[in-house]
Amino acid sequence: MPGCHRTRLALWLAVKKNRASRVNYLILAALPALCFYLWSKESFETAMKFFLFLFPYVFLFLSQDMIRDEVRSGALENVIFLGGEHKVYLSKKSFALNSLALGYVGVLFAGLLLFAWSTHRLQSVYLCQFLVGILVGIYYVHLAGLLSFYLGGGSNVLILVLVQALAFIGIMFSVSQRSGFIDALERGIFPDLISRLEILAMVACLPNVVIWKKLWLYSVEILILLAFLIGLQKIKIGGLELKKQ
Amino acid sequence: MKNLILRTDRLGKRYGRIQAVKEASFTIPRGAITVFLGENGAGKTTTLKILLGFLKPDRGRFQLETGRIGYVPEQPVFFHWLKGEEVLRLTAQFFGLRWADVDESAKRYGPTLGFDTGLLPRRVETYSSGNKKKFSYLQSLILSPELLIVDEPFSALDSVSIKSIRDLFLKLRKEGVTLFLSSHMIAEVQKICDEFIIIRKGTIVFQDDLRRLKENYLLVSLGRADLGSEEVSAWSPSWRKKEGVVELLLFRNLRTPFLHFLEEKKLTAELGEIDLERIFLFFA
């Protein structure tokens with residue numbers, strides 16, 4: 001069977017799965033609702049800023065239960081997945097989820113861009129931020145995908161959000177000790193080794209910071225981490241067996 | 001030599017410290033119903049999963065002479081968010097089948113399987129275990145497989161459905177389909193079995209054509225006979241001694257000389273016809 005055909009089927013399955021989840025509807029609806037709220041209460045720029053910061057989470061939330069639950073459910077022990085096709089399906093799944101998320105956020109972004117263009121508020125930086133946001137989203141899909149080899153029931157996504165929340169709370173509670181780092185983050189310049197290491201760790205854990213603070217150089221770090229994750233996932237899927245349920 | 005659809009050569013698979021399959025070498029003749037027998041944990045499902053590509057063997061190899069394979073698992077599970085007709089559509093798309101042909105196959109096999117096609121617009125998850133099993137048969141049959149592999153063909157089915165499935169197997173065999181059935185229900189599979197394979201502790205211990213075996217051999221039980229292994233082996237290479245009772249497979253042509261031997265030794269024996277259950281217990 002041709003690869004493009006398999007990709008289409010993986011995409012079809014991803015759409016069906018996500019359409020069956022009411023939680024996903026809620027999460028997907030939350031993003032435009034929040035943007036609309038900020039737009040009405042603050043300004044279009046604020047709404048756009050939050051949209052660009054938050055949309056990579058659409059990629060993340062669609063990546064629930066990517067591997068473990070499907071393997072454990074036994075649904076892959078089907079005539080469709082004979083001869084190792086279960087591995088092909090799982091490897092195409094990341095691409096399918098990325099496409100699905102991109103389709104959704106792309107429509108929202110196009111709407112926002114259209115408004116910005118018609119009211120002469122269009123800024124080229126929006127496009128840069130959107131492109132980096134896609135990279136962050138893809139990074140999330142692969143990070144959540146790797147975690148889903150070990151964690152089921154949506155906990156692959158939950159743990160990432162939890163780590164980000166803890167990191168954020170940690171920074172907030174240690175502002176006085178970290179004032180140097182906060183200043184550096186504000187200026188986008190990291191003069192010493194410690195602050196450079198801190199920003200590297202932060203980008204790995206909360207890559208949305210690259211979009212928020214327009215730290216374009218750090219997109220390279222996300223790219224490197226993404227390549228590493230894709231490689232690791234490929235190895236893991238290559239050795240995946242459907243053992244006893 | 002028989003026309004084979006599958007040949008395995010010393011397949012082996014280990015799960016951590018457990019050697020699930022050790023020496024699985026067997027063949028499956030084309031167009032026949034081959035039954036795969038073994039106790040719980042003997043390695044049947046692991047062997048099937050290796051053949052189906054769900055598991056990678058640690059050793060050995062196998063050669064399949066067809067790409068058109070159907071598979072019905074013991075307890076079929078489907079993506080819980082899909083309806084029956086969506087699963088069939090997915091299957092059709094995946095294998096490049098026309099929906100009209102699939103629909104025709106569903107209408108053809110649905111009644112034979114006792115599957116109500118009115119269930120198709122519902123999610124498969126809501127089906128009863130028996131209907132899930134029948135639906136799994138339907139999913140494989142729309143592919144017009146050359147080889148149909150079934151793990152526990154009669155599990156979750158009532159006696160009427162078991163009869164229907166048995167009749168379906170015979171019909172499929174008539175159409176040239178090869179069936180490979182892994183089952184515990186010896187009494188049921190015996191009614192349709194051509195060839196059988198017995199696996200014990202991960203090793204294939206016996207394979208033969210059931211009719212040929214019945215025609216040519218007798219199962220002899222010697223009771224608590226005080227015989228040396230050389231004396232028994234002289235009559236048959238297939239013998240065993242369990243709790244003092246000697247049992248052996250005796251070639252029918254040796255019946256008369258063997259009875260003379262018993263007379264000489266002042267021994268009594270029970271000479272019985274072979275059936276699948278007795279042969280399974282003999283090797284188990």
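Predicted model: local features only at pLDDT ≥ 70, side-chain atom pairs only at ≥ 80, totals over all residues.
Good morning, everyone. I shall begin with the place where the two chains meet.

Let us now look inside chain A, at a pair of helices. Two packed helices are described by the angle between their axes and the distance between the axes. Here the pair consists of helix α2 (residues 22–41) and helix α3 (residues 44–54) of chain A, whose axes come within 7 Å and cross at roughly 155°. Angles over 145 degrees count as roughly antiparallel, and therefore α2(A) is roughly antiparallel to α3(A). The crossing of α2(A) with α3(A) is right-handed.

Which residues make this contact? From α2(A) come L31(A), L34(A), C35(A), L38(A) and W39(A), while α3(A) supplies F44(A), T46(A), A47(A), F50(A), F51(A) and L54(A). In terms of class, the contact of α2(A) with α3(A) has 10 nonpolar residues, 1 polar residue and no charged residues.

I turn next to chain B. It is divided into domain 1, covering 4–210, and domain 2, covering 212–283. The C-alpha centres of these two domains of chain B lie 35 Å apart. Where they touch, 13 residues of domain 1 are in contact with 8 residues of domain 2. On the domain 1 side, the elements that give two or more residues are α6 (186–190), β9 (195–200) and β10 (203–209) of chain B. The largest share of that side, 4 residues, comes from β10(B). The residues of the domain 1 side divide into 9 nonpolar, 1 polar and 3 charged.

Finally, I come to a sheet in chain B. This is an open sheet of 4 strands in the order β12-β13-β11-β14, with antiparallel pairing. Why is one side of β12 and of β14 left without a neighbour in the sheet? Both β12 (239–242) and β14 (270–272) of chain B stand at the edges and have a single partner strand each, so one side of each has no neighbour there. From one strand to the next, the twist averages 20°.

β12(B) pairs with strand β13 of chain B, residues 245–251, in the antiparallel sense over 4 bridges. K241(B) stands opposite V246(B) in β13(B). Thank you for your attention.

Note on methods: Residues numbered from 1 in each chain as written. Chains lettered and ligands numbered in written order. Axes fitted to C-alpha atoms, helices over the stretch in contact; angles between N-to-C directions. Parallel < 35°, antiparallel > 145°, perpendicular 65-115°, else oblique. Left-handed = near helix turned anticlockwise from the far one by under 90°. Contact = placed C-beta atoms within 7 Å. Nonpolar A, V, L, I, M, F, W, Y, C, P; charged D, E, K, R; others polar. Domains from an automatic or database assignment. Pairing = 2+ DSSP bridges.
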